[in-house]
Amino acid sequence: MYEYFVKRTGQALFTAFVVVTLSFALVRLMPGNPADQLRGQLIRNNPSLSQQEINRRVANYINIDYSAPLHEQYLDYIAGILRGDLGQSISQNASVAEILGQALPWTVFAFSVAILLMFVVGIALGSIMAYWEGSRFDVGTTGIGIVLNSTPNYVTALLFLYVFGFTLGWFPTSGHISSQVVPIVDPLRPVATFQFVADAVYHASLLIAAVVITGFGGVALAMRGNSIQVLGEDYLRVARLRGLSDTRIALRYVARNAILPMYTGLLLAFGAVIGGSAILEQVFTYPGLGYYIVAAVEARDYPLMMGGFVLITLAVVIGAFIADLTYGLVDPRVSTGGDAS
Amino acid sequence: MSNTSSNLHERQSGSSTFDSQSSDEDIVLECRNLSVAFEMDRGTSRVLHDVDIDIRRGEIIGIVGESGSGKSMFASALLNAVVSPGRTDGQVTYHPRDGEPVDVLGLDKGPLRSLRWEDISMVFQGAMSSFNPTMDFREHFVETLDAHDYDIAAGIERAEELLSDLYLDPQRVLDSYPHELSGGMKQRALIALALVLEPEVLVMDEPTAALDLLMQRSIISLLSELRDKYDLTMVFITHDLPLVTKLADRIGVLYAFEFAEVGDTAEMVRDPKHPYTRALLNATPNLDAPLTEMRPISGAAPDPVDVPTGCPYHNRCPMATAECEDIKPPMDAVSETHEVACHHWPDVDDEIPLSTGVQK
Ligand code: SF4
């Protein structure tokens, strides 16, 4: 177990290191060197600046001092990231860390709710489908699931936005809270906290619905397949003969063994969906991580863009890392390092 | 000879077997006209056909048959556990040590649930996959005791004793997960789990099939010890005739979904009367030889949808006559403890000499 932990931690750290290095290399290699471009911009806007001042500002923005030798630039860049310094945004007039720090919780909130719902709905449907394998419900849900699962979520998102947002006016079409609501989470003020959370959910509901509708089908189909496999296992037959109650068999035998293989998928889904958050947040004008990344791309705000990329990639790495480490807790077969027989 | 005599026998005994005629015998499971059928597109598949047999209290009976002879169905039918859409007909009567006989096939869900495992227990083929992979062994025992409202503490003590009877370290096994034990250990843990509710009868379907030869032999000897210690009746189902001669008091040979021959082990080994039993024994040059050396019997196993008329063995039998093709041979008594379903059994000694020189 200890060895496993060390190995996985090492792998995660290595991946993170590769990601950060790649992002450095990308900026260095990007056509139309961002530093030159920024320099040009600064000179155009304030022609009176001295060369030194311009260099200082460029270094401040990009977090890379172009006049230093390459390895020094690289080390500075890494050191900056370790300190949480991702540079200064060009378009937003704030530090990159600050912008992303504010945006990230909203993305995590909206997409966590969406992914959890997606898994809950998918797992429930999948088990019912498996129990009624071959029924009209099973066949119908399988068909619907496949169709929805192959629809890109931004298509559903646009449709929802048009129908429920603009035409029917049931849901807000942008933002993450109403302007009059105070963002507060304080157990001493339950009413205000509740108002804030409810308002946040309300604003995120179309986005959540778009993710759930296009995602639950895949989960349901996976759950259905796993459950059917478990239902055919010898140990299930033995459990029935031993006279165990149907509830115990459904939960402790079928559900547990069918959901287990999907656990890793759940954590990886966080990474994947947050990575794909850009389009959805753009559609719903939801100021989260993805929204700022798109904004940064449009404004050629390299520091913000890079910061966003690094953050998202790290999120995926961390998700996979947590999945790896905790899988041993939920599946006894992993903790001893594989199958003995 | 036996046209007249066998017809006579048929008339007088009807569907009851020779065994049940002696009234002083202590029968624990009584099967009459036991049949299992599956409806299929191309017709009804009869995978067990009108089987009559009595299983005596305290004996180990070996049921031998090729794959596809109906032996697994026989095992499941004893517990009324044939998987749907299979249909079980006939009668299985369980005679508890004290109390009224129980009609196993007529039981409702609740009583059936308690009969299984409390009175008649079963060890399946495939012990490797008989345990929930995400649960340790202790929980398997606890949930079984719990489902049958047994006292958990006393039950776990019994489980520990059973496990040590089976030469396992009880604490280690109880705290292990299925993947942490070897195949042989899992097999023995499964036997302990099957006995934890103190059943009277233990039905085992190919319990040693996946094990190596050494492990097979050691489980065989453990089973005899268990039978003596816990007064068990065992039904041991296998395709491995040499193996079962080491263990069983009686042997029944299944061919084409019914019994071809039933008798005491000694008689069955030394002087079997059915041509099929002889073929099985002759296919084993040495009863102590590993099964891998066994030669297959020529001809194909019969199709359950289309069982041959007359004697089901006639198209593989070297002694078959016209009579065999038309008339189904009834069970005929060879001795008090031995019966056979063959028209020409008295001639078998001349026609098919036994090539095994091994005495039991
Ligand atoms: S009845 Fe005839 S065919 Fe059947 S086993 Fe006896 S001799 Fe062979």
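B:Tyr255 sits opposite B:Glu258, a residue of strand 10 of chain B. That pairing is a handy way into this predicted model, since both residues come up again below.

**The setting.** Chain B contains 13 helices and twelve strands. Of its 360 residues, 57% count as buried. The chain exposes about 14400 Å², and carbon and sulfur atoms supply 49% of that area. Looking at contacts in chain B between residues at least 6 apart in sequence, 67% join residues at least 24 apart.

**A strand covered on both sides.** How many of the six residues of strand 9 of chain B are buried? Six of the six, in the stretch 250-255, so this strand is largely enclosed by the rest of the structure. In a regular strand, side chains alternate between the two faces of the sheet. Here one side carries B:Arg250, B:Gly252 and B:Leu254, and the other carries B:Ile251, B:Val253 and B:Tyr255; with all of them buried, both faces are covered.

Strand 9 of chain B pairs with strand 3 of chain B (residues 60-64) in the parallel sense, over four bridges. Within that part of the picture, B:Val253 of strand 9 is the bridge partner of B:Val64. Strand 10 of chain B (residues 258-264) runs antiparallel to strand 9 and is joined to it by six bridges. Strands 9 and 10 of chain B form a hairpin with two residues between the strands, where B:Ala256 takes a positive phi near 50 degrees.

**Salt bridges.** A search of the whole structure finds 29 salt bridges over all chains.

| B:Arg97 | B:Glu200 | 3.6 Å |

Let's take them one at a time. B:Arg97 and B:Glu200 form a salt bridge. This pair links distant parts of the chain, 103 residues apart: B:Arg97 is in the loop between strand 4 and strand 5 of chain B, and B:Glu200 is in the loop between helix 7 and strand 7 of chain B. Is B:Glu200 buried or exposed? B:Glu200 has a relative accessible area of 10%, so it counts as buried.

B:Arg227 belongs to helix 8 of chain B, while B:Asp249 lies in the loop between helix 9 and strand 9 of chain B, 22 residues away. B:Arg227 is buried at 15% relative accessibility, whereas B:Asp249 is partly exposed at 33%.

B:Glu258 is buried, with a relative accessible area of 14%; B:Lys328 is partly exposed, with 37%.

Note on methods. Residues are numbered from 1 along each chain as its sequence is written. Chains are lettered from A and ligands numbered from 1 in the order in which they are written. This is a predicted model: local features need pLDDT of at least 70, side-chain atom pairs count only at pLDDT 80 or more; totals for chains, interfaces and linings use all residues. Side-chain values use heavy atoms; hydrogens and water are left out. Buried means under 20% relative accessible area, exposed over 50%, partly exposed in between (1.4 Å probe, protein chains only). Two strands pair if DSSP finds at least two bridges between them. A salt bridge is a side-chain nitrogen of Lys or Arg within 4 Å of a carboxyl oxygen of Asp or Glu. Contact means heavy atoms within 4.5 Å. Accessible areas come from the Shrake-Rupley method with a 1.4 Å probe; for residues, only the protein chains shown count as cover.
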